[in-house]
Amino acid sequence: QVQLVESGGGLVQAGGSLRVSCDASGRTFSNYLMGWFRQAPGKEREFIASIAWNGLTTRYADSAKGRFTISRDNAKNTVYLQMNSLKPEDTAVYYCAAKASIRSAYVSVDQRDFNYWGQGIQVTVSS
C-alpha cells in the first residue's frame, strides 16, 4: 500500500501560479502511475493530469492543457502539479492519486483506475 500526502495549496490571485506536491511513502514510487484530480464545490471529482512511472508520458484534461504541468521525481518519491495562469474556476480540492503500474507506458485518465488517494488540499483562486 502507498500513502499519499499533498502539500502546497493555498490562496492565489487570478493569473498567478501555484505548485502542489504529493509525497508518497510505503512502496516503490516508480511502480506507480500518478495522477492529479480535483473537486470543486457542488461538482464531481474530475481528472486533471497523469504521468507514467518514468515521467515520459503525460496526459492532461483540456482545462489544464497549456497551463498546468505534471512532473515527478522518483528519487524524492514526489509528484508535482505546477499551475500557471490560474483562474477562479480552478478553485477546488486537489487530490493526488496512484495506480500500481509496474513499468507500463499506459497512462490512465480514469479515476476508477486509481487505487490510492491522498486526503486532498484546497486551492483557492480569487478574482
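**Note on the salt bridges around Arg 38**

1. Arg 38 forms a salt bridge with Asp 90, and their closest N and O atoms are 2.9 Å apart; a salt bridge here is a side-chain nitrogen of Lys or Arg within 4 Å of a carboxyl oxygen of Asp or Glu. Arg 38 lies in strand β4 (residues 32-39) and Asp 90 in the loop between β8 (78-83) and β9 (92-100), so the pair ties together parts that are 52 residues apart in sequence. Strands are DSSP runs (E, at least two residues), numbered from the N terminus.

2. This is a predicted model, in which local features need pLDDT of at least 70 and side-chain atom pairs count only at pLDDT 80 or more, while totals for chains, interfaces and linings use all residues. Residues are numbered from 1 along each chain as its sequence is written, and side-chain values use heavy atoms, with hydrogens and water left out.

3. Asp 90 also meets Arg 67 in a salt bridge between their side chains (2.7 Å, N to O). This pair, too, links distant parts of the chain, since Arg 67 sits in the loop between β6 (58-60) and β7 (68-73), 23 residues from Asp 90. Both Asp 90 and Arg 67 are buried, where buried means under 20% relative accessible area, exposed over 50%, and partly exposed in between (1.4 Å probe, protein chains only).

4. Arg 38 has a further salt bridge, to the side chain of Glu 46 (2.6 Å, N to O). Arg 38 counts as buried because its relative accessibility is 6%, whereas Glu 46, at 34%, counts as partly exposed.

5. Taken together, Arg 38, Glu 46, Arg 67 and Asp 90 are linked in a network of salt bridges, and the count by this rule comes to 5 salt bridges.

Technical notes. Helix = DSSP H or I, 4+ residues; strand = E, 2+ residues; numbered from the N terminus.
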